Amino acid sequence: MSRTDHEIVVDDPTAPEDDSPSVVSSDTVEIVVCLLLLALAAILGYDNWRTGASWDSTGPEPGYFPFYLSVILGGGSLYGLIAALLVRRAASETFVTRAQARRVLAVFVPTLLFCLVTQFLGLYVASFLLIAGFMRLIGKIALWKSLLTAFLFTAIMFVTFDVAFDVIMPKGPLEAAFGY
Amino acid sequence: MEAFGLLLHGFAVLLTWKTLVLMVVGLVLGIFVGVLPGLGGPNGVAILLPLTFTMDPTSAIVMLSCIYWGALFGGAITSILFNIPGEAWSVATTFDGYPMAQQGRAAEALTAAFTSSFIGSLVAVLLITFLAPMISSFALKFGPPEFFAVYLLTFCSFVGLGREAKHKTVISMSLGLLLAGVGMDTVSGQLRMTFGSAELLRGINFLVAVIGLFGISEILLTMEERLALRGHAASISLRVVLSVWKDLPKYWVTLLRSSFIGCWLGITPGGAIAASFMGYNLAKRFAKDPASFGKGRIEGVFAPETAAHASGTSALLPMLALGIPGSGTAAILLGGLMVWGLNPGPLLFVEHKDFVWGLIASMYLGNVVGLVLVLTTVPIFASILRVPFAAVAPMIVVSCAIGAYAIQNAMFDIWLMLGFGVVGYVFKKIGIPLAPFTLALVLGNRAEDAFRLSMIGSGGDLKVFWSNGLVGSITTLAILLLFWPVIDGLLARVGWTRRTSATSR
């Protein structure tokens, strides 16, 4: 049945193993999320109540609509919390395995650093560093390929947005040195 | 027919070299986005939206909607060749599409998918052409209570008809509505929920949230999975195309049925994903030999693809006519309309005739150009998957950041995008649906304004939502839909339901 005329094959050497141990279960995450949402609902509810959540001569006060929404949000998360606590005893699904968490962090941490660098050195420098670094360190792609790709992509973005479409991006000292 | 004349005018607006070039660029970008792992329709449109900020609205919407069509076409390529559905609604296409590719009939399956997508969209566009002007002229009579009732109906149908746990839909929706209210209150000018932060004064921008929720979180989710893939390279010859098209009339019942299902579910909020499954299942049920489905039957490609495209396209109908998006992508297009200073809703058909009919005409033209484009360029796009994800992922991150920054020129928005990326990742993993959140965020202010205006008009009496037959029936319908699961359960218990095996899902 299965003919071997596959012509496009891409391997993923660093794929997460299937038997990796669980870091945290879905139920636990659900409980934490519900608690956070409950806290958010309480804070926003309080703020709206302070702004004014009742009626005055001109109709509902500004906090009226969002106040009741905070109540609904609170109710929903409370229900979710109780539901999650009740089913907790049953076999729980894995939220993320250790191997998966490693891979997710391998994207998330560079993204976080990218945002930080953008804040200080501008978007284009950060973008060059992110692409080159990510391809080299995480993708294990040859250095020259990584640098070239990063440079080309960043240059294309610069020409497209800053030059052609006049969409101005945050810039840092490097661009300033070139007079942009 | 008035609609016909206006449509011709729309074509006249479109048929310039500049628009046609934009159309092709949009389609290519869209197919690209649809083929790449970790990106799909809504993400693609959200990320590429900033490109259009400096264009005039008509060119911008033409390009964006073409990105959308392209992404829909692109999803079929990966489903059939690699057994990887790019989107939830491409899942049903893999059932028969991939077996066909394994049997060496990839070209046939792809032609079938593209052609049926084209037919599905065409039926939906025809529906939009003739129905949207009627609905919008009817909706011109709407006052604030009617509009609030329609918004309520949208929200309630998400809760009542959605497949997710009800409380999760409620959480997602109320959070979206709340975040929409952050910043300056449009009626009184007072600040709300800003906690003294100058950055929050601007409010939480819908598009920034969407880029984070769909773009960044999708990258995180994609990384969790094994990214290895093997699939078939395929090129489509004219001979295959013609032979599939020659057989097309034989399947007219399937095509028509799927188009109808797609249009119906597309207009219903939250129904877009169900359409392709329903199209597939009904085709299977009505077939003489249901057992042959799943083993590479061409009808198994026709049915879900037609329904998916019909629903994806008809989801734009309520957005254009009422200002209520029927799907996540439609919500993002609606966000785009607001950026260009257009107020979606019934007035759009009166005040911006050129724009609306240009858009509708672009749906016809974009689908024709798209069909030709995908049929001729499949081999190129299939080989995009050879590009390692380690190169694609950082580029997507950069594009997301550019998109988020460009909307309001604010560094804060890049951080906000990152935050929403994490939220989207966690929400998706614990089953809190993102579509209601998106919809609530984009409609929040308008829903609140409609509510407050009706309350001011009635002096605070909730009976205003039952003050006449129209608003009363919409509100009642909304409440019925909200409690639909309960009502359905009760009816089943009494034995009033047609279904013999109640709640068998």
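## Annotated spans of chain A

Residues 66-87 of chain A are 100% helix and 0% strand, with end C-alpha atoms 31 Å apart, where helices (H or I, at least four residues) and strands (E, at least two) are DSSP runs numbered from the N terminus. An unreviewed UniProt entry annotates residues 66-87 of chain A as "transmembrane region", along with residues 28-46, 107-135 and 141-165; such positions are given in the numbering used here, feature names are shortened, and annotations may be inferred rather than shown by experiment. Residues 28-46 of chain A are likewise 100% helix and 0% strand, and their end C-alpha atoms lie 27 Å apart.

This is a predicted model, in which local features need pLDDT of at least 70 and side-chain atom pairs count only at pLDDT 80 or more, while totals for chains, interfaces and linings use all residues. Residues are numbered from 1 along each chain as its sequence is written, and chains are lettered from A and ligands numbered from 1 in the order in which they are written.

## Helix 6 of chain B

Chain B holds 22 helices and three strands. In helix 6 of chain B, 26 of the 34 residues are buried, so this helix is largely enclosed by the rest of the structure; a residue is buried if 20 or more other C-beta atoms, placed from the backbone, lie within 10 Å of its own, exposed if 12 or fewer, and partly exposed in between.

## Chain B as a whole

Of the 505 residues of chain B, 63% count as buried, and the C-alpha trace of chain B spans about 70 × 60 × 50 Å along its principal axes.
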